[in-house]
Amino acid sequence: MSDLLQNSPVKNLLDRIAGLDNEMGNPRLKQIVARVVGDLIRTIEEFDVTPTEFWAAAAYLTEVGQANEMGLLVPGIGLEHVLDLRLDDEERRAGFEGGTPRTIEGPLWVDGAPLSHGEARLDDGREQGEVLFMHGQVRDMAGQPVAHAVVDVWHANTLGGYSFFDPSQAPWNLRRRVETDAEGRYRFRTLMPAGYGLPPDGPTQRLLTGLGRHGRRPAHVHFLVTAPGYRQLTTQINIDGDAYLHDDFAFATRDDLIPPVVRHDLPEDLNRHGLNAPYAEIAFDFTLHAETATASSPVVQRQHMPAPQAQAA
């Protein structure tokens, strides 16, 4: 196989494509474009990609954008997880040890969820399902509580849909921010979420099918934990026992993020919560690192749904 990039006219063309033949523009952008386009040229050469195949790939990317599925494709091909692994590695090299593991944010966070103090109820009472109580403490690396941290939590309903993306749900259903109390504790009541799959007729699922893969996620609950002077933590817990717990199409499962689920059915427990059916409980603590200038910020600037008007709760 020939290497077109060793061909002087093609090498000169790549330099012109990336603007390496002039002093204007953004030097970092030029280097990245040169690498990406060069690697594409090598891929075309190595696999003898035909023009028809190339334009099918270009049309596919257009379709992904039109379907607003880039936020599904990126985790589906593992790149969002790779970004987390890179930041993990950078923090280890900066001397970070321990703390709650991060994992992918996913595409469904919405800024400005109603803020509650100490505890909250996430569901709006319109849906039937297994009641879940989740509680825990936000602590620093020395084990001391972090008061007034904000635990931003969001998850799917019992059918796998998210408010603002599922028109059948009311705004802010299953989304809240909970400010921890003086002991760093948070608590919320909600409904046990369901796992879900990619849109079956969408371009992301079509790619995964071609790779012999499914597009399912295990049931999970997302968190974004913030506090002044501490590094932002973006993470999620998975619901133990889910069939896809260790086979997540988005590669988000991490062993330290699978807390046990405790089921309660004793009459005195049900009465204490005013319930007439068994419920589930999950205890999970978050451990935050102090902010530092020795590692890149964990705050990711990315496009989200425009923030609706925030509400108090």
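I took helices (H or I, at least four residues) and strands (E, at least two) as DSSP runs, numbered from the N terminus. The model is predicted, so I kept to its rules: local features need pLDDT of at least 70, side-chain atom pairs count only at pLDDT 80 or more, and totals for chains, interfaces and linings use all residues. Residues are numbered from 1 along each chain as its sequence is written, and side-chain values use heavy atoms, with hydrogens and water left out.

**Loops**

I went to Trp172 and found it in the loop between strand 4 and strand 5. Its phi is near 70 degrees, a positive value in a residue other than glycine. Is Trp172 buried or exposed? For the terms, I used under 20% relative accessible area for buried, over 50% for exposed, and partly exposed in between (1.4 Å probe, protein chains only). Trp172 has 3% relative accessibility, so I logged it as buried.

Asp48 sits in the loop between helix 2 (27-46) and helix 3. It is another residue other than glycine with a positive phi, here near 50 degrees. Its relative accessible area is 61%, so Asp48 is exposed.

**Helices**

I checked Ala56, which belongs to helix 3. At 47% relative accessibility, I noted Ala56 as partly exposed. Ala56 and Glu23 are 33 residues apart in sequence, and their C-alpha atoms lie 35 Å apart in space.

Next I looked at helix 3 (residues 51-66) against helix 6 (residues 203-210): their axes come within 9 Å and cross at roughly 135 degrees. Axes here are lines fitted to C-alpha atoms, for helices over the stretch in contact, and angles run from 0 to 180 degrees between N-to-C directions.

Which residues make the contact? Helix 3 gives Tyr60, Glu63 and Val64, and helix 6 gives Pro203, Thr204, Arg206 and Leu207. Contact means heavy atoms within 4.5 Å.

I listed Pro203, Thr204, Gln205 and Leu208 as the buried residues of helix 6. They pack against helix 3 and helix 4 (70-76). Just after helix 6, Gly212 has a positive phi of about 75 degrees.

I traced an open sheet of five strands, in the order 1-5-4-9-10, with mixed pairing. Two strands pair if DSSP finds at least two bridges between them. Strand 1 (115-117) and strand 10 are the edges, each pairing on one side only. From one strand to the next, the twist averages 25 degrees. Strand 4 and strand 5 (residues 175-179) run antiparallel, joined by five bridges. Val151 has Val178 of strand 5 as its bridge partner.

**Cores**

A nonpolar core is a set of buried Ala, Val, Leu, Ile, Met, Phe, Trp, Tyr and Cys residues joined through side-chain atoms within 4.5 Å. The largest has 29 residues, and Met134, Val138, Tyr186, Phe223, Val225, Ile237 and Phe286 have the most contacts inside it. Among the elements giving two or more residues to this core are strand 3 (131-140), strand 6 (185-191) and strand 9 (220-226). Apart from it I found another core, of seven residues, including Leu108, Trp154, Ala156 and Tyr196.
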